[in-house]
Amino acid sequence: MPTFRTKIPNRFDLPRRITRLGELAYNLWWTWNPDAQRLFSRIDQELWERLNHNPLLFLRQVGRSEINAASQNKHYLGQYDQVLADFDVYLGNTEPWFARMHPQDSPKTIAYFSMEFGLHETLPIYSGGLGVLSGDHLKGASDLGLNLVGIGFMYAEGYFSQRISEDGWQETQNNPITVSNLPIVPVLKEDGQPLSIAVKFPDRTVSARIWELRVGRVPLYLLDSDYSANNPDDRKLTTRLYWSDLDLRVMQEILLGVGGVQALRALGYDPQVWHMNEGHAAFLTLERARELVAEGLSFEEACARTRTSNVFTTHTPVPAGNDEFPLWLVDKYLANLWPELGLTREQFVDLARHKQNFGETFSMPTLALKFSDHRNAVSELHGRVARRMWNYLWPELSEEDVPISYITNGVHSTTWMARRQRMLYDRHLEQDWLEHLDDPETWSHVSELPDAELWEIHQHLKRKLAFYLLGRARQRWMKGGFHPVQVIASGALLDPYVLTIGFARRFATYKRADLIFSDLPRLFDLLNRPNRPVQILFAGKAHPADEPGKLLIQEVYRTIKKAENGGRLVFLEDYDINLARYLVQGVDVWLNTPSRPNEASGTSGMKAAINGVLNFSILDGWWREAYNGNNGWAIGEDSDLSTEVQDKADSASLYHILENEIVPLYYAERGADNIPHEWVTRMKESIRTVTPQFSMSRMLKEYAERLYFPK
Ligand SMILES: *Cc1c(COP(=O)(O)O)cnc(C)c1O
């Protein structure tokens, strides 16, 4: 049990009757409970939007008369009492799923390490899919009652925000985070001083203090080296995500793995399971071994003792996602560690030696794979690819026997589901549907939803998306300094009644954002057909060091600026959780065109599907498992081709299905009710099949029963 406690400051001057709004603001539980969000937004919707849904800032800035009015409004107070009662029940629940099903394991602590956590738009400590998955993991663990603690970084500058220049070049802006505006509190010692840890490097020590963030029942601890105990260089370690500078990067990963273990010890935890979400945290295996070597065990004994409780999840077959460091960096930053493990330098390097044609490296995923007994990939196909890719670490085994299993990713349903969609399920599904969200039986009744209700909600969400984007376009026009074509490219000519396709994800070349551009005349014709137009929304950031990714944005942007597309191609800057929510709830079709088999899983399509948006994707990652012929569309075949052949075949398939299936189905002859019933049938099939199977609950139950606490 933790020996240190954090105290939630009550900095708000609120009317007594609604004073617990301050408490809600300090626990991210409100982010996945729409009724709790409404307690803030109802008071002053405009201010709530302007402050980017930040409840701390909101409670400080909201007008006296508005807040007083709320505190005297019977209806508001009724909702307030209900939400706080739900909050108390949630936090006090002594019988969540895990306690009921696995009482003997339920007190055990799981430490979950990740470089990034995507929890909410106000907390820019994530860059993309990996982070959003980690954030969803914490929320889901809280729901199921897993005794999990997160370890990550408090990034002083957060992830960059993106602007696109007139010529399509990605410009980055770093926005220093003001911690006092966020629900993040320092962990203090009894004497009131910050609790900190110190990680030893060969020539110096780097300190980190620890912050806490509450995610429902789960705490997330964030390490922070940006304070006076460190020299200016070391302070930079936790200012940004994924330094490209290798010195900073290796130090960052040492701080996460080694510092993370130390932080948990300082906080009084003794985890029984140590989960590395991607290889960045792999140094934790060595720190755990070092603890036992210090008690007198040999390195082999220490590893034998610790590896059974190490869990490693690999997330990508793409080399850039698998960190490795040149050996001179290992000498520079880890030379103090090998004697402490009782190893020579050669023995140490052997732990994770990777022979490349350009020389030898120290590979983080190799370290994690070799020192964990539980290893998994994130979809069935990715499992096969990972076993092939890492077969050389188990040369005596055949490919299919390589000990890497798979658990397909899922999404935290209530985070991504539109409020109205949730209300629809409240009206038509079994009363306790939320508690049985991962049970396919719960969703078997979706086919009985009235078409008109589902369609009307979808139309509402689509209008909401369009008006949000039109508002953004207007703001930039009024701000000045933009060429008019940039205002058009940002969505000024959008039409809320047109078939709308979304494509939003990180811009990496293997995701092939330009696949749909392979025949421009054909595309422009498709976009502007009389009576059946199509519009496509693009969004996504490229890693600042990824030149090909930035060139891809530029190519896409140049096409978007062309008049021939009629303003129906749009690039939305600064893709983040907020924009993602609008898109996955408000478009009609979610497009994904990775080159197989590089999309290990993908998750945004799951978020779209649970809102009735139809997937149109390559049979890669999760979609290969979800597609059943009636719940969306598949691009190309389920086969392995060479890259060039694949590009050709996939783009041919993409155009063919768009022209002959998707557009005709959407604009099919409608009756007096003006509802495309066949389209709505597909929407239901998508909701029915995807929601339970690709939920965070299904995923976490598999982690709990197969990897964390196997029988
Ligand atoms: C879900 C999400 C992602 C990941 O989407 P993929 O389909 O896995 O590429 C990335 N960024 C944001 C903001 C998201 O919400």
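Tutor: Happy to! Let's start with Ala508, which counts as buried because its relative accessibility is 8%, where buried means under 20% relative accessible area, exposed over 50% and partly exposed in between, using a 1.4 Å probe and protein chains only. Before going on, please note that this is a predicted model, in which local features need pLDDT of at least 70, side-chain atom pairs count only at pLDDT 80 or more, and totals for chains, interfaces and linings use all residues. Residues are numbered from 1 along each chain as its sequence is written, and side-chain values use heavy atoms, with hydrogens and water left out.

Ala508 sits in the loop that links β16 (499-504) to α22 (520-527); helices (H or I, at least four residues) and strands (E, at least two) are DSSP runs, numbered from the N terminus. Leaving aside residues up to four places away in sequence, Ala508 touches Asp546 and Leu552, a contact being heavy atoms within 4.5 Å. Asn578 lies 70 residues from Ala508 in sequence, and their C-alpha atoms are 21 Å apart in space.

Now for the whole chain. The protein chain has 29 helices and 21 strands. Of its 711 residues, 61% count as buried. Among contacts in the protein chain with a separation of 6 or more, 73% come from residues 24 or more positions apart. Its C-alpha atoms fill a box of roughly 80 × 65 × 55 Å, taken along the principal axes.
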